[in-house]
Amino acid sequence: MSRKANAINMPPLGEFDRHAGQLSLQLAQALRKAIHKGELKAGDLLPSTRHLAATLNLSRGTVLETFAQLVAEGFLESKQGSGTRVVFAPQRLPARKVKPAGDILLGESALAFARVADRIKTLAPAPFAVSVPVGDTAPDDVWRKLGNRIRARGPGAPSGYGEPQGAKPLREAICEYVRKSRSVHCSPEQIIITSGTQQGLYLATQILLDSGDTAWVEDPGYPGITDIFETALRDRNMARVPVDGEGLDVEAGKIIAPQAKAAFVTPSHQYPLGMPLSMSRRAALLAWAKANHAWIVEDDYDSEMRYSGHPFPALQGLGPDNVIYLGTFSKLLFPSLRLGYAIVPQPLVNAFCGARILMDRHPPVADQYVLTAFMAEGHLDRHLRKMRSVYAEKRRVLMEAVNALIDPALATLQPCDQGMHMVLWCKEGLDDRVVVRKGGEAGISLRAVSHMYSKGKEKSGVLLGLGGYTGTEIYAAVRKLNQVIERALR
């Protein structure tokens with residue numbers, strides 16, 4: 001059996017100044033430096049003098065002279081038949097204590113982003129985590145089979161860079177889907193595939209607003225948009241426009257910021273409260289945008305999950321020249337999928353593609369083609385029908401459990417006939433952040449509503465997601481939630 005050579009790979013020793021001469025001294029200094037830095041450690045076997053000389057383009061005599069000098073200094077040890085090894089171990093200084101992060105002064109930007117991480121961190125997969133797909137509706141088997149088929153060969157196989165706008169077959173499938181389901185008017189050339197609604201919002205704020213511009217944002221509103229203005233875009237202005245039973249109050253917006261350049265809205269299922277934007281408010285918002293040459297960014301949140309009647313048509317279908325429409329498949333299929341889309345007026349397409357290139361070049365190619373097949377073969381339509389049925393039942397059970405187990409003097413549910421979550425309003429004076437913290441300790445996942453309001457207008461409440469657990473688990477979690485609220489009051 002042949003013996004395996006155990007000489008180490010030499011670390012880089014730098015360039016030698018051949019004009020200066022004394023190459024053996026230069027090599028000795030380079031080896032001493034490597035030993036002191038720990039790149040060569042005690043016990044390491046060095047290459048033979050012949051091999052090292054050939055590697056460094058030096059004479060063997062030069063290397064022999066160097067080794068002899070370092071053996072004399074105690075850095076190396078040479079034994080007949082065993083080669084030359086490092087024997088010197090540099091003295092280690094006591095480990096320097098790491099300065100606690102709390103002692104480091106963070107800048108305003110770092111602190112702002114850190115607050116975002118605290119507020120919007122991923123919730124544990126337990127009741128009542130929001131936007132967690134129900135296990136018995138997740139299309140695992142179908143998706144896996146399509147993925148195995150498409151990733152192994154064909155368009156989903158690994159390849160070079162993709163298009164920043166996204167795969168055209170997926171854009172064509174989305175175009176047909178939103179035309180039928182949401183009355184959206186567009187062509188595949190107007191669609192940009194994103195990594196979800198959040199990326200679409202970020203792109204829109206970057207593209208539509210210049211420094212000093214103002215945008216309307218709902219109050220309360222989605223933290224994913226309000227936090228963009230409070231962190232990355234502090235040179236743009238956010239005007240918080242109140243929401244009532246009909247959605248965004250357009251007339252209030254005209255008073256608060258009449259010259260706003262854009263409005264960010266969730267008209268199908270207002271986040272977090274849940275009501276749709278009324279038809280009269282839709283007409284007023286579109287008229288304002290047209291008169292002021294402003295943009296509307298329509299986050300079509302939870303539009304598919306309506307449990308009575310038909311969903312309102314998308315704003316985009318009523319005003320395609322002024323509306324940027326954002327949709328996502330992540331909440332419908334798997335949050336980890338990270339595939340969504342932006343439908344933009346034709347003059348904005350190149351701008352969105354350019355901004356997309358600077359963020360992450362292009363979306364993952366393989367999943368785009370799996371999703372295309374999932375839609376083309378009718379799986380998405382069947383999946384949505386099943387989801388509506390299952391979530392409607394979860395909603396019924398949740399309302400029943402809250403009515404049975406929670407004292408209405410402590411907390412009440414916000415009426416809502418669509419969406420994947422409901423709002424539980426807490427008794428006045430009860431801090432929803434305390435409820436969230438104590439809920440986590442009790443094994444239930446909640447998200448506070450108060451920080452979704454502008455300062456001074458906070459209301460205490462928590463979001464209750466409908467997905468991911470059975471009716472029995474819902475009752476058990478609501479019982480725990482009642483105990484949590486009572487402890488929070490104490």
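Which residue in β5 is the bridge partner of Trp216? I will come to that after a word on the model. This is a predicted model, where local features need pLDDT of at least 70, side-chain atom pairs count only at pLDDT 80 or more, and totals for chains, interfaces and linings use all residues. Residues are numbered from 1 along each chain as its sequence is written, and side-chain values use heavy atoms, with hydrogens and water left out.

Now the answer: the partner of Trp216 is Ala239 in β5. Helices here are DSSP runs of H or I with at least four residues, strands are runs of E with at least two, and both are numbered from the N terminus. Two strands pair if DSSP finds at least two bridges between them. Strand β4, residues 214-219, and strand β5, residues 237-244, are joined by 6 bridges in the parallel sense. Together with helix α8, residues 223-230, they make a right-handed β-α-β unit. Right-handed means that, with the strands pointing away from the viewer, the path from the first strand over the helix to the second runs clockwise.

In the loop between β4 and α8 sits Pro220. The peptide bond joining Asp219 and Pro220 is cis, with omega about 5°. Pro272 is in the loop between β7 (262-265) and α10 (279-291).

Next, the sheet around β4. Eight strands form an open sheet with mixed pairing, in the order β3-β10-β9-β8-β7-β4-β5-β6. β3 and β6 are the edge strands, each pairing on one side only. β4 runs parallel to β7, with 3 bridges, and Val217 has Phe264 in β7 as its bridge partner. β5 pairs antiparallel with β6, residues 247-248, over 2 bridges. Those two strands form a hairpin with 2 residues between them, and Asp244 stands opposite Gly247 in β6.

Helix α6 lies across β3, β9 (323-328) and β10 (340-343), at about 105° to β3. For angles like this, axes are lines fitted to C-alpha atoms, for helices over the stretch in contact, and the values run from 0 to 180 degrees between N-to-C directions. Ser183 is in the loop between α6 (168-182) and β3 (191-194). Its phi is near 55°, a positive value in a residue other than glycine.

There is another open sheet, of 4 strands, in the order β11-β12-β14-β13 with antiparallel pairing. Its edge strands are β11 (411-413) and β13 (447-448). Between β12 (residues 421-426) and β14 (residues 461-465) there are 5 bridges, and Met422 stands opposite Leu464 in β14. Helix α14, residues 379-405, packs on this sheet and touches β11, β12 and β14, its direction making about 15° with that of β12. Contact means heavy atoms within 4.5 Å.

Last, a helix pair. Helix α2 (residues 49-56) and helix α3 (residues 60-73) pack at about 120°, with their axes 8 Å apart. The two helices are therefore oblique to each other; angles under 35 degrees count as roughly parallel, over 145 as roughly antiparallel, 65 to 115 as roughly perpendicular, and the rest as oblique. Thr49, Arg50, Leu52 and Ala53 in α2 meet Arg60, Val63, Leu64 and Phe67 in α3.
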